Protein chains: 2
Amino acid sequence: MVAETLILDGNRVASSMKEELIERIQRLSDKGIIPCLATILVGDDPASATYVKMKGNACKRLGIQSKRVVFPENTSTSELIAAIQRLNVDPSVHGILLQHPVPQHIDERAAFETISMDKDVDGVTTLGFAQNAFGFADFPSCTPAAILAIMDAYKLPIEGKHAVVIGRSPILGKPVSMMLLNRNATVTICHSKTTDLANIVRLGDIVVAAVGKPRFIQGDWIKPGAIVLDAGYNEGNIGDVDYVACREKASAITPVPAGVGPVTIATLLKHTVEAAEKMAER
Amino acid sequence: MVAETLILDGNRVASSMKEELIERIQRLSDKGIIPCLATILVGDDPASATYVKMKGNACKRLGIQSKRVVFPENTSTSELIAAIQRLNVDPSVHGILLQHPVPQHIDERAAFETISMDKDVDGVTTLGFAQNAFGFADFPSCTPAAILAIMDAYKLPIEGKHAVVIGRSPILGKPVSMMLLNRNATVTICHSKTTDLANIVRLGDIVVAAVGKPRFIQGDWIKPGAIVLDAGYNEGNIGDVDYVACREKASAITPVPAGVGPVTIATLLKHTVEAAEKMAER
């Protein structure tokens, strides 16, 4: 029998992160600088539209400017790249977010690569990934950084723990694995080709779900007392873990919604403020 | 009782790789191009001097030019960087190898980063690491690529297997983990802060030793029938695994010497030829 499970409150962590930004945004404002995040939305995916709107609203509430760039579904890769290039050289823009995923016919990786390193506040470039993997990125990918921020806010130990990451995407599974590794966890990375997934997940003192499949991680996969971090966000506000069943086994767990999501947005805002500060120093 | 252990013959794999290069080097030669690898050695480390010499000799035997650049122990980071910059723009040089490790006072990462992507045949740049991690590098790090080349030469399956990598360095543990992951292995990365290392290694269908500690991996850590790849090369020609004891348990194992080492050198030569071919196309 595990003691009462700690519910990791993403809203609380996000609030405290945003609290810390207020004074920094004020100092920038005193210099006549308003941090500005450009968000790019391509196509008609309603979930993506919602995310972009949430990010824009979060900016506004904090006094960060949000510049919305919207493209139709049939936009070409080169049109998208040209738009990113314009934002790269626009001195009023400090951060650029290209909402993932873009329509199938667009070369998303090429578009991500176009984002200048100074403005890659979402941490999606190849070089940004590697700097993060080697421990010196300015802007680590937001969702992985949010997962670490939650653990740190609750002072959950990472060093020496066995972390099992389910998912290996370039903006989530791979970078969070490298970040946990750099914090001295032993890290196992699983994916769709993993055999005996249940038994591998059972090894985890820390379990990070980054699969993109609703309620995929089962309660009986969780080692009693493990910490469960759910980076999934599927239709209908459902995470990648079977929350009720996993909560029974875990010592701490993030809910969905109000878990990793709000902290991801707070991380994006923090990176945007940092980008503006760095640009002001130049 | 495991059936007779397959000894993975690095010399054989390397020979066949070099065999395939002969014709390509001839075709370049017909165009008046001699592939050229510049090797940079800084300081007096005898092991490093030996490695550089071995690489130079391997070049010569195959008709690849080897340009040796040697610096004294007290060379500064900026002197080293300036030398790399000269090699970057030298049209007769196709690949640049900076022998690791450089003396402590030099910023090795800054030196590695200076190597132009076109000539990073050893796969040591940050961007090269990320391209490799995302599966589209021109020149993956040589030792990790050699490990995969040995597995492929012996048609050892990777997909769905559990690979345990011991070590997390930027040029070995991290890239080989990403390459195994991209080949659909489930990958666990261990290191000095891993608790219960023996039991973690026992999970491995594939065990990659990249620790840099002589005979560190014990025989009773190896799951019967596992494949053991030893990337270690310690003083006195000793690997990172206790070879005799691990061979008893493994279904296949690389010896040291004559295991990963010669294939690493063959990979470096292959990358140099590829770099020359790419430069010729431009």
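How closely do the axes of helix 6 and helix 10 of chain B come, and at what angle do they cross?

**Entry 1. Two helices of chain B**

I began with this pair, keeping in mind that the model is predicted. I found that the axis of helix 6 (residues 142–153) of chain B comes within 8 Å of the axis of helix 10 (residues 260–281) of chain B, and that the two cross at roughly 110°. Helix 6 of chain B is therefore roughly perpendicular to helix 10 of chain B. I then listed the residues that make this contact. Helix 6 of chain B contributes Cys142(B), Thr143(B), Ala145(B), Ala146(B), Ile147(B), Ala149(B) and Ile150(B). From helix 10 of chain B come Val260(B), Val263(B), Thr264(B), Thr267(B), Leu268(B) and His271(B).

**Entry 2. How the two chains are related**

Two copies of a chain are related by a rotation about an axis and a shift along it. I looked up both quantities for this pair.

**Entry 3. The interface**

I next examined where the chains meet. The contact takes 31 residues from chain B and 31 residues from chain A. The size of an interface is often given as the accessible area lost when the parts come together. Here chain B and chain A bury about 2700 Å² between them, and 68% of that area is on carbon and sulfur atoms. I noted that Phe134(B), Lys174(B) and Leu181(B) supply 22% of the area that chain B buries against chain A, more than any other three residues. I also compared the two sides: 100% of the interface residues of chain B are also interface residues in chain A, so the copies meet through the same surface.

**Entry 4. Annotated spans of chain A**

I consulted the UniProt record, an unreviewed entry. The record places "domain: Tetrahydrofolate dehydrogenase/cyclohydrolase catalytic" at residues 8–122 of chain A. I found this span to be 50% helix and 16% strand, with its end C-alpha atoms 23 Å apart. The record also gives "domain: Tetrahydrofolate dehydrogenase/cyclohydrolase NAD(P)-binding" at residues 141–278 of chain A. Residues 141–278 of chain A are 38% helix and 14% strand, and their end C-alpha atoms lie 18 Å apart.

**Entry 5. Backbone details**

Most residues other than glycine have a negative phi, and most peptide bonds are trans. I looked for exceptions. In chain A, a cis peptide bond joins Val256(A) and Pro257(A), with omega about 0°. Pro257(A) lies in the loop between strand 9 (252–253) and helix 10 (260–281) of chain A. In chain B, the bond from Val256(B) to Pro257(B) is cis, with omega near 0°. I also noted Lys155(A), a residue other than glycine with a positive phi, near 50°. Lys155(A) is in the loop between helix 6 (142–153) and strand 5 (162–166) of chain A.

**Entry 6. Pro214(A)**

Finally, I located Pro214(A) in the loop between strand 7 (206–209) and strand 8 (227–230) of chain A. Leaving aside residues up to four places away in sequence, I found that Pro214(A) touches Asn234(A), Ile238(A), Gly239(A) and Asp240(A).

Methods:
Residues numbered from 1 in each chain as written. Chains lettered and ligands numbered in written order. Predicted model: local features only at pLDDT ≥ 70, side-chain atom pairs only at ≥ 80, totals over all residues. Heavy atoms only, no water. UniProt positions renumbered as here; feature names shortened; annotations may be inferred. Helix = DSSP H or I, 4+ residues; strand = E, 2+ residues; numbered from the N terminus. Contact = heavy atoms within 4.5 Å. Axes fitted to C-alpha atoms, helices over the stretch in contact; angles between N-to-C directions. Parallel < 35°, antiparallel > 145°, perpendicular 65-115°, else oblique. Buried area = accessible area lost by both parts, 1.4 Å probe.
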